[in-house]
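Here's a quick tour of a protein model, made for someone just starting out. Take a look at the picture, then work through the notes.

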Amino acid sequence: MAELRPDATAGIVLGVESVPDGLASGVLAGVNPVAGLYGYLFGMVGAAAFTSSTFMAVQATGAMSLVVADTDLASRPDPERALFTLAVLTGGVMVAFGLLRGGRMLRFVPTAVMTGFVSAVGVNIVLGQLSNFSGYESDAANRVLRALDLVLHPWRADPWSVAVGTLTVVLIIALGRTRIGSLGLVVAVAAGSILPEALQLDVRLVADLADLPGALPAPRLPVLGDVVVLLLPALSLAFVGLVQGAAVSAGIPNPDGRRSDTSRDFIGQGAGNVLSGVFQGMPVGGSMSASALVHSAGARSRLSLFIAGITMAVVILLLADVVGRIAMPSLAALLIVVGIRTVKPAALLSVVRTGPLQVSVLAVTFTLTLVVPLQFAVVTGVGLAIVLHVANQSNRVALRAIDLRTDGRFREADPPGVLAADSVVVLQPYGSLFFASAPVLEAQLPAVTAGSERAVVVLRLRGVDQLGLTLLDVLSRYGSSLASRGGALKLVLGNEQVLRQLRGEGLVDQLGEHNVYLGTEWLGETVRRAWSDAMEDQGRQE
């Protein structure tokens, strides 16, 4: 019994805190708040049975809620079932990623993209809740314009709604510094909701938005006709959820010291989404805040997550009327605090320090996330980062000349701009030799002119595992230029794969078998042999 107590305590804390949090996520997503509640309950329980990260709490995150809000589910014939379909579809994508060992793909997501995205999500959360906080519902086109409308017309705000929301914010901040810690969120929302009840204030309540059934939902099947329309939002939701889940895997260790399997966590999050969707919940993903809460509350095993689910179920079954009396300005205040805490100035400063390329990616991602639907902002941010990275890497190719000394040492120097007659030049390229960098390398090669008779260039390609067709064309043209002046291009390769490429493209036949060398385990040996052969061919061997 003593071993069960820490898990029971941590599970009850998380379960109680998840009730207002789940409702708030539904509000943030612009759907029935009860769907957020069911998503928290069934998503958490379904994922806990499969994840490798013991304390990963799978719930609806702020970023995922905003993607749902931007999906325009209201345009579907049955918006509620479209939401459930979206959750199941998101789960299917996550499971597929996990089975394909997609955890390895996360290293290709630039930090600047995620920092810009998460920071803008924080701002979006704040902007999206100003209407519930103030009691004024603007009809402007997007969150930014609605916030601007409120700023320009502050007298349209309801004073009592603002008072309730402000009280909740103050209590969240104050109670968070006391011994009750995370439970302060629950106490603050409860206190903010008691005020309008006691004073009979006309403030919107959760019950005004949705009827709380006081029962657990029955399973409902997804709508197959909505799959094509919802595929892009599902991919975006999966991407956001998986990245945030990977942060949980890396940031909260397992109690036995075992390393988390990111791909298995993908499968767990997918299972949580499928169960959430089947039981009328919204899409969910790994939540760092909830996972940190259950861990810091003293949990010792994943049993705490199941206890949290049971706690939520008890609240839904027995306290539905109480939940319905929660004031919307209090929920909005909770979300505004969450949104502000989502923006990490230290992370932004870290990206700024890395240089203008990363700053550009961050700025574009941040701006797009504010003004366009989130699923498009994520895809565009990643695409832009890839394009800029390719452009940046292509410009980092550097070509150096190697001077082979008679005492066996190598000395690097700048390559000559023009090849002199009867010269032997050894060149070493540095950087990533791929299709975009081939023109950059070609521009740095010493020029072959009318005065470059019998010049030989030895190009050392050790460390290059594969040559693209664009680079092969560069080598072919340069070899032809040298041959037209009676010279030659000699290649020193690092492995058999590159040699097979050269043979397959006919470059070995063009340059001559004797001008293509395969390196050995002895560094510099093959380069010196190629240089010696070139000197001997010209009758200048010392």
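Which helices each supply at least two residues of the lining of the second largest pocket? They are α1 (4-29), α2, α3, α4, α5 (111-128), α6 (130-134), α7 (143-152) and α18 (356-371). Helices here are DSSP runs of H or I with at least four residues, strands are runs of E with at least two, and both are numbered from the N terminus.

Before you go on, know that this is a predicted model, where local features need pLDDT of at least 70, side-chain atom pairs count only at pLDDT 80 or more, and totals for chains, interfaces and linings use all residues. Residues are numbered from 1 along each chain as its sequence is written, and side-chain values use heavy atoms, with hydrogens and water left out.

**The second largest pocket**

- This pocket holds about 1,000 Å³ of space, and of its 50 lining residues, Val 27, Ala 29, Gly 30, Val 31 and Ala 69 are the closest to its centre.
- Its lining splits into 29 nonpolar, 12 polar and 9 charged residues. Nonpolar covers Ala, Val, Leu, Ile, Met, Phe, Trp, Tyr, Cys and Pro, charged covers Asp, Glu, Lys and Arg, and the others, Gly among them, count as polar.
- Pockets and cavities are both found on a 1 Å grid over the protein atoms alone: a cavity is a set of points where a 1.4 Å probe fits but cannot get out, while a pocket is an open set with protein on both sides within 12 Å along at least five of seven lines, and lining residues have an atom within 4 Å of a point.
- Grid points are joined across faces, edges and corners, and a volume is the space filled by probe spheres set on the points.

**Cavities**

- Searching the whole structure turns up 2 cavities of 30 Å³ or more.

**Nonpolar cores**

- The largest nonpolar core has 82 residues, and those touching the most other members are Leu 14, Val 68, Leu 73, Leu 83 and Leu 331. Helix α2 (residues 33-48) brings the largest share, 10 residues.
- Another core of 32 residues lies apart from it, including Leu 419, Leu 427, Leu 459 and Leu 472.
- A nonpolar core means buried Ala, Val, Leu, Ile, Met, Phe, Trp, Tyr and Cys residues joined through side-chain atoms within 4.5 Å. Buried is under 20% relative accessible area, exposed is over 50%, and partly exposed is in between (1.4 Å probe, protein chains only).

**Aromatic rings**

- There are 2 aromatic pairs in the structure. Rings of Phe, Tyr and Trp (its six-membered ring) pair if their centres lie within 6.5 Å, with planes under 30 degrees apart called stacked, over 60 edge-to-face and the rest tilted.
- Tyr 38 and Phe 42 have ring centres 6.5 Å apart and planes at 70°, so this pair is edge-to-face. Both sit in helix α2, 4 residues apart, which is about one turn of the helix.
- Tyr 38 is buried at 5% relative accessible area, and Phe 42 is buried too, at 13%.
- Phe 42 also pairs with Phe 279, this time stacked, at 4.7 Å centre to centre and 10° between the planes. That pair links distant parts of the chain, since Phe 279 is in the loop between α12 (262-278) and β2 (285-287), 237 residues from Phe 42.

**Loop residues to look up**

- Asp 72 isn't a glycine, yet its phi is positive, near 60°. Asp 72 lies in the loop between α3 (62-69) and α4 (79-99) and is partly exposed, at 47%.
- Thr 71 is found in that loop between α3 and α4 and counts as buried, at 12% relative accessibility.
- Gln 280 isn't a glycine either, and has a positive phi of about 65°. Gln 280 is in the loop between α12 and β2, buried at 18%.
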